[in-house]
Amino acid sequence: MPITRSDCETRDQQDALAPLRDQFFLPDGVIYLDGNSLGAQPRAALARAQQVITQEWGVGLIRSWNTAGWFELPQRLGDQLAPLVGAQAGELVVTDTTSINLFKVLAAALRQQQATAPAKRVIVSERRTFPTDLYIAQGLIDQLQAHGAPAYELRLIDAPDELSAALGDDVAVLMLTHVNYQTGYMFDMAAVTARAHQTGALTVWDLAHSAGAVPVALNASQADYAVGCTYKYLNGGPGSPAFLWVHAKHQNAFWQPLSGWWGHARPFAMEPGYRPRQGISRYLCGTQPITSLALVACGLDIFAQTSMAALRDKSVALTTLFIQLVQQACNDHPLTLITPTDPARRGSQVSYQHPQGFAVVQALIARGVIPDYREPRIMRFGFTPLYTRFVDVWDAVAVLQEILTSRSWDQSDFHQRAAVT
């Protein structure tokens, strides 16, 4: 039998996570399906920002580094985030950007391999991984070679089934995005890490499209390094600081290359020589952006009211429903599903290609349904279990069907590209 809107309303009434939606500001008339790019605003964020600006900064002034706990904020947030990615306290810090953190951990991993297996000079990744990861790897390789290091190679695979063949004895680091940003494909972290370790490679995982959306088990998977952002499913705010995790056994092996004063063992001793802190704090670099950093807690606080298992169950239900409804309502249109139909192999997004994908997305946005677009011709629909309703899925597909059937996307305004797509 066809799925009806009434069916979706019933599922919302039975959803134990439904009350969490009230803790987010979501504009009327908008169906927001882009939490995989920027999470919605927690209602607590405005009050927290006002507190930081008017009280901690305005009244406390510089005293707030001590009295308001600013100095320890990266570690404190790291400990709060750690359980969401299968980490322990003291293994994770919230700081800097994903790109900067990736540079730190990738450099540390290569240095670690140089000391024990200098013949390993290959970094393996996916051609379709998020571009900044590839750019950082390319830049680091160029920097190493400019300083006389042996030549390194960035070896790219085109599909997950090519991974085993790419992991030769010459591989130093396997650098993968746990959930692919284009397709939503999710790697089996434990199995892939075990395969990498069999060849002596270290693993660097990008959790930007995983953290807060799917269960992640960094320690149980024996991963080596990981980075991720807080502004997607973790709802930390636009451009909010990223995070960095290092397995405890690696933390003190080498200091990371951006040896700024915040990672110094005694930053206020003002010593001319660098001595890194012990533990994960050595991966800090410069003075922290306290206002944006403070807002990260507002998103993380909501996760304490549920579990990643419950969120994953709803995520699978939402993405499965979306795929079913698109098949039911839009089967006669040129949509190509590029996200795995197997729930175990997908994250919390569904991606379709359409010959006019960009224009279709702009038409959807004009109608109050907000997904996003990525090249080539990919329409991405993100489902955040904390606030996405089942009826939102139904209504979004209904609008998509109407746009495709009427070809209302074929207007000149919908083909004009802005700086951000």
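Tutor: Happy to; what follows goes from ring pairs to charges over rings and then to the cysteines. Please keep in mind that this is a predicted model.

Let's begin with the rings. The structure holds 16 aromatic pairs. One of them joins Phe130 and Tyr181: the ring centres are 5.0 Å apart and the planes meet at 80°, which is over 60 degrees, so this pair is edge-to-face. Phe130 lies in the loop between strand E5 (122-126) and helix H6 (131-146), while Tyr181 belongs to the loop between strand E7 (171-177) and helix H8 (189-198). Phe130 has a relative accessible area of 34% and is partly exposed, whereas Tyr181, at 8%, counts as buried.

Ring pairs also build a cluster, made up of Trp65, Trp70, Phe71, Trp261, Trp262 and Phe268.

Next come the charges. Arg111 places its charged end over the ring of Trp255, 5.6 Å from the ring centre. Likewise, the charged end of Arg417 sits over the ring of Phe358, at 4.2 Å from its centre.

Now for the cysteines. The structure holds zero disulfides. For Cys229, the nearest cysteine sulfur is that of Cys298, 17 Å away; a disulfide needs the two sulfur atoms within 2.5 Å, so Cys229 is in no disulfide. Cys298 is in no disulfide either, its nearest cysteine sulfur being that of Cys229. Both residues are buried: Cys229 has a relative accessible area of 2%, and Cys298 has one of 6%.

Technical notes:
Residues are numbered from 1 along each chain as its sequence is written. This is a predicted model: local features need pLDDT of at least 70, side-chain atom pairs count only at pLDDT 80 or more; totals for chains, interfaces and linings use all residues. Side-chain values use heavy atoms; hydrogens and water are left out. Rings of Phe, Tyr and Trp (its six-membered ring) pair if their centres lie within 6.5 Å; planes under 30 degrees apart count as stacked, over 60 as edge-to-face and the rest as tilted. Helices (H or I, at least four residues) and strands (E, at least two) are DSSP runs, numbered from the N terminus. Buried means under 20% relative accessible area, exposed over 50%, partly exposed in between (1.4 Å probe, protein chains only). A charge sits over a ring if NZ of Lys or CZ of Arg is within 6 Å of the ring centre and within 35 degrees of the ring normal.
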